[in-house]
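Subject: Structure handover

Hello,

Here is the structure I promised, with my notes below it. Please read the two side by side.

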Amino acid sequence: MTFRLNPTPGEPEPEDLTLRITGVQARPRAVEEGEPDPSRLELRLGTTRGEISALLDVSEGQTGALITCSGAMGGEHEVRGPADSVYQRLAEQLPGEGVSTLRIHYRTAGEFEECVLDLLGACSFLAGLGAERIILAGHSFGGAVVIKTAQIMPQVRGVISLSPQLFGTRQVDEMHKPLLLIHGTADAILHHMASEDIYERANDPKKLVLVPDGGHGLAEDPETVKSEMHQFVHEHAGPQ
């Protein structure tokens with residue numbers, strides 16, 4: 001499948017922004033000291049714009065999935081997540097409950113359009129495997145990437161935006177899908193007013209969770225973050 005991003009009305013036409021998946025490489029990854037697990041895979045998605053790497057944890061025979069992405073810096077947080085590695089913790093739990101997880105590495109962290117294309121490619125890949133109900137979760141910069149992606153991809157059934165930035169969310173009112181926003185009240189990098197602004201402009205159903213004294217990484221109350229995310233994923237992508 002090929003994706004093309006359209007500019008926001010009033011903005012200049014961008015250079016050609018298309019992405020097509022050209023091939024997939026997968027291998028089972030070892031879990032701690034055990035043998036490689038065929039339900040836990042390292043992926044390399046070849047595309048016309050470069051290679052996307054990801055970690056896939058499969059719930060066999062199920063059609064719900066969670067895709068996660070990080071902030072603008074990329075690095076180890078891409079697959080571990082904020083809030084005491086909440087992405088990793090959910091990836092260890094959700095497949096046993098009927099929801100697959102895919103944790104992606106950006107090709108070019110921090111470039112908004114490129115990261116949206118990465119996420120669209122990841123959604124297309126899972127849809128090709130039979131995923132029908134996909135939840136997107138992103139942190140900081142990624143909190144805006146998931147909102148933009150959800151406007152475009154029909155298989156996306158809900159969005160979780162953690163400590164999001166405002167840039168890239170101007171058209172959130174065009175995203176007619178459930179939205180969960182989580183932000184710390186002591187975030188010194190992106191003020192919680194960003195989430196409040198997005199919340200006001202978003203369509204129902206929507207929920208805003210403010211973590212008291214929480215910083216940008218939401219490490220002050222990781223269990224609330226995990227619980228809210230877990231409940232949202234099961235509500236919108238859990239086994240039917």
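A131 is buried, because its relative accessible area is 11%. (Buried means under 20% relative accessible area, exposed over 50%, partly exposed in between, with a 1.4 Å probe and protein chains only.) This is a predicted model: local features need pLDDT of at least 70, side-chain atom pairs count only at pLDDT 80 or more, and totals for chains, interfaces and linings use all residues. Residues are numbered from 1 along each chain as its sequence is written, and side-chain values use heavy atoms, with hydrogens and water left out.

A131 sits in the loop between helix 3 and strand 7. (Helices, H or I of at least four residues, and strands, E of at least two, are DSSP runs numbered from the N terminus.) Leaving aside residues up to four places away in sequence, A131 touches T63, A65, L126 and Q155. Contact here means heavy atoms within 4.5 Å. A131 and H236 are 105 residues apart along the chain, and their C-alpha atoms are separated by 13 Å.

**Strand 5**

Strand 5 covers residues 64–69, and six of its six residues are buried, so the strand is largely enclosed by the rest of the structure. G64, L66 and T68 point one way; A65, I67 and C69 point the other way. In a regular strand the side chains alternate between the two faces of the sheet.

Which strands pair with strand 5? Strand 6 (residues 99–104) runs parallel to strand 5 and is joined to it by five bridges. Strand 7 (residues 133–139) also pairs with strand 5 in the parallel sense, over six bridges. (Two strands pair if DSSP finds at least two bridges between them.) G64 stands opposite V99 in strand 6 and opposite R133 in strand 7.

**Cysteines**

How many disulfides are there? The count is zero. The rule asks for a pair of cysteine sulfur atoms within 2.5 Å. The sulfur of C69 has its closest cysteine sulfur in C115, 7.8 Å away, which is too far for a bond. C69 is buried, at a relative accessible area of 0%. C115 also counts as buried, at 0% relative accessibility.

**Aromatic rings**

There are three aromatic pairs. Rings of Phe, Tyr and Trp (its six-membered ring) pair if their centres lie within 6.5 Å; planes under 30 degrees apart count as stacked, over 60 as edge-to-face and the rest as tilted.

Y106 and F141 form an edge-to-face pair, because their ring centres are 6.0 Å apart and their planes lie at 90 degrees. Y106 is in the loop between strand 6 and helix 3 (112–128) and F141 is in helix 4 (residues 141–152), so this pair ties together parts that are 35 residues apart in sequence. Y106 is buried at 8% relative accessible area, and F141 is buried at 5%.

F112 and F141 are also edge-to-face: centres 6.0 Å apart, planes at 85 degrees. That pair links F112 in helix 3 to F141 in helix 4, 29 residues apart. F112 counts as buried at 11% relative accessibility. Ring pairs link Y106, F112, F141 and F167 into a cluster.

K206 lies over the face of Y199, 4.6 Å from the ring centre. (The test is NZ of Lys or CZ of Arg within 6 Å of the ring centre and within 35 degrees of the ring normal.)

**Nonpolar cores**

A nonpolar core is a set of buried Ala, Val, Leu, Ile, Met, Phe, Trp, Tyr and Cys residues joined through side-chain atoms within 4.5 Å. The largest has 42 residues; I67, L102, I104, L126 and L136 have the most contacts inside it. Helix 3 gives the largest share of this core, 10 residues. Apart from it lies another core of 21 residues, among them I135, A137, M229 and F232.

I104 touches residues including I67, C69, D118, L119 and A122, not counting those up to four places away in sequence.

**G184**

G184 lies in strand 9 (residues 179–184). G184 is buried, with a relative accessible area of 0%. Its contacts, beyond four places away in sequence, are H192, V211, G214, G215 and L218. G184 and I134 are 50 residues apart in sequence and 25 Å apart in space, C-alpha to C-alpha.

Best wishes
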